[in-house]
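Please read the following note with the structure open beside you. The points are numbered so that each can be checked in turn.

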Amino acid sequence: MKSLGNALLILCVLAASCEAKGLGRRAPAATSPGRTAGRRDPNEKVFNVLQYGAKPGGKKDSALSFIRAWRAACNYRGPARLLIPSGTFLIGATIFQGPCQGPVPIKVQIAGTLKAVTDPSMYEEDFWISFENINGLLVTGTGTVDGQGSAVWKYSSGDARFPSSIKFNHVVNGILRQITSVNPMGFHISIVLSQNIRAKNLHITSPATSPNTDGIHISQSSQVKVSRSVISTGDDCIAMIQGSTDISVKKVTCGPGHGFSVGSLGKYPDEKDVRGVVVTNCTIRNADNGVRIKTWGGSAPSQASNILFEDIIMDNVKNPIIIDQSYGSKSSPSRVKISDVRYINIRGTSASEVGVDLQCSKTVPCENLYFSNINLKYSGQRKLPFSSTCTNAKVNYVGNQFPPPCR
């Protein structure tokens, strides 16, 4: 039955392009709030999912209607906008796939609330909503994507991964802005094999106890900029793993969560290097970690280099500055080489007595670590010495250092 269902889905998707002329009418202005749409192209055609059979109310799976509306918009040779209007829509796994025929960018406006089908068996891949093979994409709106993750988190264990709520896969020149993401089954947002992506003005929320719910998870992607967003989640607020290059994180508030993480790195063979990561003007509150680099013990060789953490405020953070090169396994040393990492103007409070914890690999020690003007204070209940710990780390210090530097 499942194979028959998939076959029918494919036939309907293929048929959508034939329906584009009949269904792709310009929607009246009232269906698309101007404050989320920006300046409207007078030649733009709006493809409203309601015209393709989507049913608001959150009871019926409208994924097929969404896909049909997308295919019509994607095949249209003029400026196109896919509109998800106000209301609540239930959808299962949905792929918005390119390449598209019209001028860039194709626009997706989410004004309503999307709720995920909560049956894990309905997700054969690692996403709920995926944008794939698109050059020029704008996803915007004041709507909400709700992964309804509380229905499946209790089944989380080991390496099992539930689907990301939104995935950018092979997207070039993409923008994701203003969206609210709540309670994903897996990651909130996943950016994979993509280039020149902007994510800004996002509101990302799930409980501190929610497992593996990274806010933004970046891998094998370059020129990714995340800015002016608030992330509260159960895992890394932003994770930059293998193949992440030229990444910028600016004016992001994180917490609760596991902070801003480079890694984990080295879990799998043949991982690509990480380089050119800049995290600036950010605030981390009530988080397990602040700025972290983590690599697996026993890893294959790779590198993480040219990393900057600057102008960071820590507010009651358990591990404000941490390098952990035995993450996941202490059986043998990591072979991920960490070098050229700068920590500048980091201030605030630490919930633990170790404010700076650098545990580097004895096989490939950390090199060219640079600390300038670190001003952290211990906020714990017990009166303990506030300290730094360093193993296999070559560190240069400039300016004020508190806790006192390793010697």
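**Note on the predicted model**

1. Overall make-up. The secondary structure of the protein chain comes to three helices and 27 strands. This is a predicted model, and every value below is computed from it. Of the 407 residues in the protein chain, 52% are buried. The protein chain exposes about 17,400 Å², and carbon and sulfur atoms supply 50% of that area.

2. Contacts along the chain. Among contacts in the protein chain with a separation of 6 or more, 77% are between residues 24 or more positions apart.

3. The nonpolar core. The largest nonpolar core has 92 residues. Leu 114, Phe 131, Ile 216, Phe 260 and Tyr 343 have the most contacts inside this core. Helix H3, residues 63-75, gives the most to the core, with seven residues.

4. A closer look at Ile 216. What does Ile 216 touch, leaving aside its neighbours within four places in sequence? The list includes the isoleucines Ile 189, Ile 191, Ile 204, Ile 231 and Ile 238. Leu 202, Val 226, Ala 239 and Cys 237 are also in contact with Ile 216. Cys 237 comes up again in the next point.

5. Disulfides, and the pair Cys 237 and Cys 254. A search of the whole structure finds four disulfides. Numbered in sequence order, the bonded cysteines of the protein chain pair as 1-2, 3-4, 5-6, 7-8. One of the disulfides joins Cys 237 to Cys 254, with an S to S distance of 2.1 Å. Cys 237 lies in the loop between strand S15 (222-232) and strand S16 (238-240), and Cys 254 lies in strand S17 (residues 245-254), so the bond ties together parts that are 17 residues apart in sequence. The torsion about this S-S bond of Cys 237 and Cys 254 is about 75 degrees, so the disulfide is right-handed. Both Cys 237 and Cys 254 are buried.

6. Cys 360 and Cys 366. A disulfide also joins Cys 360 to Cys 366, at an S to S distance of 2.0 Å. Is this link right-handed or left-handed? The torsion about the S-S bond of Cys 360 and Cys 366 is about -100 degrees, so the disulfide is left-handed. Cys 360 is buried, with a relative accessible area of 7%, and Cys 366 is buried, with a value of 0%.

7. Cys 390 and Cys 406. The sulfur atoms of Cys 390 and Cys 406 are 2.0 Å apart and form a disulfide. Cys 390 lies in strand S26 (residues 387-391) and Cys 406 in the segment after strand S27 (393-402), so the pair ties together parts that are 16 residues apart in sequence. The link of Cys 390 and Cys 406 is right-handed, with 80 degrees about the S-S bond. Cys 390 counts as partly exposed because its relative accessibility is 27%, whereas Cys 406, at 17%, counts as buried.

8. Cys 282 counts as buried, at 1% relative accessibility.

9. Salt bridges, and the pair Glu 44 and Arg 81. Side chains of opposite charge can pair when their charged atoms come close. The count of salt bridges comes to 10. In one of them, Glu 44 pairs with Arg 81, and the closest N and O atoms are 2.7 Å apart. Glu 44 is in the loop between helix H2 (34-37) and strand S1 (45-48), while Arg 81 is in strand S2 (residues 80-84), so the link spans distant parts of the chain, 37 residues apart. Glu 44 is buried, with a relative accessible area of 5%, and Arg 81 counts as buried at 0%.

10. Lys 167 and Asp 126. The closest N and O atoms of the salt bridge between Lys 167 and Asp 126 are 2.9 Å apart. Lys 167 is in strand S9 (residues 164-177), and Asp 126 is in the loop between strand S6 (113-116) and strand S7 (127-140). Lys 167 counts as buried at 9% relative accessibility, whereas Asp 126 counts as partly exposed at 38%.

How values were computed: Residues are numbered from 1 along each chain as its sequence is written. This is a predicted model: local features need pLDDT of at least 70, side-chain atom pairs count only at pLDDT 80 or more; totals for chains, interfaces and linings use all residues. Side-chain values use heavy atoms; hydrogens and water are left out. A disulfide is a pair of cysteine sulfur atoms within 2.5 Å. Helices (H or I, at least four residues) and strands (E, at least two) are DSSP runs, numbered from the N terminus. Buried means under 20% relative accessible area, exposed over 50%, partly exposed in between (1.4 Å probe, protein chains only). Contact means heavy atoms within 4.5 Å. Accessible areas come from the Shrake-Rupley method with a 1.4 Å probe; for residues, only the protein chains shown count as cover. A nonpolar core is a set of buried Ala, Val, Leu, Ile, Met, Phe, Trp, Tyr and Cys residues joined through side-chain atoms within 4.5 Å. A salt bridge is a side-chain nitrogen of Lys or Arg within 4 Å of a carboxyl oxygen of Asp or Glu.
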